[in-house]
Amino acid sequence: MLITLAVVLILGYVGAPLIVWSIAALAGTGYLGFMAGCSQAWFYVAVAVSVLLNLKPLRRAVLTGPIFSVFKKITPAMSQTEQEAINAGTVWWDRDLFSGKPDYNKLHAFPAPKLSAEEQAFVDGPTEQLCAMIDDWKITHELMDLPPEVWQFIKDKGFLGMIVKKKYGGLEFSNYAHAKVVTKIATRGGTAAVSVMVPNSLGPGELLQHYGTEAQKNYYLPRLAKGLEIPCFALTNPYAGSDAGGIPDYGIVCKGAYTDPRTGEHHENVLGIRVTWEKRWITLAPVATILGLAFKLYDPERLLGDKEDVGITCALVPTEHEGVQIGRRHFPGGSAFMNGPTMGKDVFIPMEWVIGGREFAGQGWRMLVECLSVGRCISLPAMSVASGKMTSFVTGAFARIRDQFGLAIGKFEGVDEALGRIGGYTYQMDSAQRLALVGLDTGEKPSVLSAILKYHNTERMRKCINDAMDVHGGKAVVLGPRNYLGRSYQAIPIGITVEGANILTRSMIIYGQGAIRCHPFVLREMKSAMANDGKEFDDAIIGHIGFVGSNFIRSLVLGLTGSAIAGSPGSGPMSGYYKDITRLSSAFALLSDMAMFSLGGSLKFREKLSARLGDMLSGLYIATATLKRFADEGSQQDDLPLAKWAVEAALYDVQQAIDGFLVNLPARPLAWLLRRVIFPLGMQFKQPADKLGTQIASLLMQPSAARQRLIDGVYIPKDEKDAVGVLEPALKAVIETDPIENKLRKAHRDGKIKTPATAARLQEALDKGVINKAEFDAVTRARSLKRQVIMVDDFDYTLTHHDEKLFERQPV
């Protein structure tokens with residue numbers, strides 16, 4: 001009996017096919033029954049079941065055929081837009097996390113992200129120069145736009161053509177380089193970062209390179225690369241935001257006349273589209289010269305083919321074209337980047353303006369989902385990383401420079417706790433994006449990972465900025481040139497809302513796409529049901545049952561052993577985390593299948609449960625990305641607090657998501673069983689220990705190689721009069737003069753210095769020989785720099801309004 005149990009557990013644990021380990025279990029059980037004198041019935045039952053499982057025609061007739069009939073009835077119907085969203089992009093490392101057995105050798109075989117010499121020169125040269133030109137207070141408070149010279153610099157240096165291939169005049173940078181450029185700019189000013197980001201990730205350039213006709217590529221891409229065209233892409237309608245597939249904007253295929261604004265030529269009796277649209281929240285729309293436009297296309301006269309409802313279509317429309325209304329703007333909170341509406345009614349455009357031409361009419365949704373998944377890995381995640389790096393730099397320095405009650409505020413445990421979170425979340429965000437960018441640069445389009453990055457990086461950005469605001473107190477409350485956090489705080493909702501609202505991304509997209517795309521069997525089963533292919537379903541469902549059984553056994557065994565028997569690459573200080581991730585990956589795979597089994601098609605509408613499953617997948621991804629980043633950087637001992645905090649926080653989040661899922665799973669007996677299988681010894685994962693947070697806080701409050709690796713990419717001005725530029729020299733000066741300040745305090749306590757005023761004590765200490773002139777000068781400089789750090793701006797109270805024309809409103 002023990003041998004039979006051991007064989008079954010081993011075969012199930014290693015993931016042997018269902019037929020192998022189930023036959024072993026049945027044979028052992030039958031033999032035991034036979035030997036125990038319970039007649040030969042047990043043996044014959046084992047033989048019969050083995051035959052049933054092995055003879056496919058019999059298996060399909062008796063077992064999988066009836067299951068197939070039921071499966072076809074309960075599988076929810078998918079709309080065309082849902083099918084296209086699911087089929088878009090590729091699966092990559094996320095598939096391993098769904099498998100219950102992540103292959104860490106594969107993970108570490110992925111190349112480490114690296115800039116080419118040309119890309120590094122661009123980051124160190126033009127990007128650094130651009131940052132030096134940016135005065136964020138002037139941009140957001142006075143101009144409400146980038147200065148003309150900044151716009152021109154962006155165009156001239158090719159910032160708008162980073163993704164455009166060199167044969168069209170672009171820079172053809174890697175996705176990693178693109179992200180690094182956006183990150184550095186964003187540490188200096190969000191307006192400039194968004195203005196650079198959108199043409200490269202969310203504009204028509206990406207669509208043109210993948211789907212454009214040769215004529216479209218040859219005309220537009222060189223112009224986009226040189227900044228001769230400013231693009232925007234109009235997708236969101238006032239009535240369709242997150243439900244982008246439900247846009248009411250439409251076009252009717254017909255014949256008509258138009259004058260091409262680019263050439264002035266007039267054309268008659270041309271096959272084209274009469275388009276009506278109303279779009280809002282379109283970035284760069286007020287200054288755009290070329291409008292990317294998404295709309296639903298209808299062909300009532302069948303001029304294109306036999307379909308009346310052609311589908312979502314994307315077109316490029318010059319903004320000077322007759323009937324295009326554009327140029328007004330919105331004011332997103334705290335930022336001055338150009339954003340606004342565009343409208344048009346019955347605007348005729350030729351069919352050649354459809355991206356990809358006539359044959360790509362109706363293919364717009366697929367185009368958008370595939371290309372947006374790339375942008376969602378880069379743009380907002382990069383800006384979130386920038387926020388993390390920037391808050392790590394400025395808050396760590398401020399917490400060491402600013403003192404209260406005679407002690408640097410960073411040494412108080414409440415502030416220490418906030419600093420630990422800032423550093424830990426920054427390490428998580430940066431690690432998560434680095435791994436996804438490796439996928440992009442090796443040809444993947446990881447749509448599930450892009451959703452994870454978009455949601456979790458922007459949420460961690462929110463946490464980092466909130467903590468930074470709390471630590472800075474009044475310094476961050478008063479807006480002005482000295483406040484380097486206020487505008488970022490105001491702009492938080494922008495990142496949370498755009499490119500798919502975070503509530504929707506968490507509750508529907510991450511797991512909704514992941515469960516179907518990444519699961520080794522679900523998509524096969526769904527496709528076989530839609531194709532009515534019983535043979536394919538038979539193979540898939542047998543594999544699926546074995547997969548469930550294997551993860552059931554693995555979860556139980558790993559739970560009982562505390563992950564101890566799981567494999568781990570290497571034996572360093574992080575090795576145990578690999579084992580924990582394997583355990584939780586098996587548990588996640590099991591819960592995923594049990595959710596689909598117990599809820600069926602209704603899981604699609606159980607968004608709270610789906611969100612928790614998405615949280616599990618996300619936590620596993622963040623943890624593995626952290627381990628990959630730590631290894632890529634040489635497993636630096638000084639980085640251990642950051643890496644450990646990041647992994648432990650992610651694993652704790654996975655555990656809490658599992659707990660929440662089990663508490664709320666409607667099938668209560670199943671939930672009871674699953675809890676005993678996954679947590680047989682109770683919930684063992686803890687939040688990062690306080691001492692890890694303290695170590696991170698100490699790391700942020702003093703210059704070091706580990707701190708530099710964490711904040712790498714932050715633009716730090718060399719001008720000590722700059723609010724950010726003064727921080728590093730002030731930090732160093734305060735640290736260097738700490739022993740002198742302690743000497744002064746002791747001298748005052750001992751009665752050697754009588755002056756009660758702190759500032760006056762310094763001169764008395766010099767006069768009495770307590771300190772020498774060099775020490776006097778060092779403390780004087782340190783105190784001067786410290787004052788620059790802690791001071792806030794004040795203004796003439798009569799300056800109460802801007803140019804009223806900026807805020808002139810148009811009746812709705």
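Here is a short tour of the model, stop by stop, with what to select at each one.

This is a predicted model, where local features need pLDDT of at least 70, side-chain atom pairs count only at pLDDT 80 or more, and totals for chains, interfaces and linings use all residues. Residues are numbered from 1 along each chain as its sequence is written, and side-chain values use heavy atoms, with hydrogens and water left out.

**The cores.** Start by selecting Ile185, Tyr621 and Ile658: in the largest nonpolar core, which has 192 residues, these three touch the most other members. Touching, or contact, means heavy atoms within 4.5 Å. Another core, of 27 residues, lies apart from the largest one; Val164, Leu208, Leu235 and Phe360 are among its members.

**Strand S1.** Next, pick residues 231–234, which make up strand S1. Helices (H or I, at least four residues) and strands (E, at least two) are DSSP runs, numbered from the N terminus. Which residues cover the two faces of S1? Pro231 and Phe233 are on one side, Cys232 and Ala234 on the other, and all are buried. Bring in strand S4 (residues 290–298): S1 pairs with S4 in the parallel sense, over four bridges. Strands pair if DSSP finds at least two bridges between them. Look for Pro231 opposite Ile290 of S4.

**Aromatic rings.** There are 18 aromatic pairs in the structure. (Rings of Phe, Tyr and Trp, the last by its six-membered ring, pair if their centres lie within 6.5 Å; planes under 30 degrees apart count as stacked, over 60 as edge-to-face and the rest as tilted.) Select Tyr511 and Phe588, an edge-to-face pair at 6.5 Å centre to centre with 80° between the planes. Tyr511 is in helix H20 (residues 502–517) and Phe588 in helix H23 (residues 575–599), so this pair ties together parts 77 residues apart in sequence. Both residues are buried. Then try Phe122, Phe153, Phe159 and Phe173, which form one aromatic cluster.

**Last stop.** Zoom to Thr140 in helix H9 (residues 136–143). Thr140 is buried, at 6% relative accessible area, and touches Thr191, Gly334, Ala336 and Arg487, again not counting residues up to four places away in sequence.

Methods:
A nonpolar core is a set of buried Ala, Val, Leu, Ile, Met, Phe, Trp, Tyr and Cys residues joined through side-chain atoms within 4.5 Å. Buried means under 20% relative accessible area, exposed over 50%, partly exposed in between (1.4 Å probe, protein chains only).
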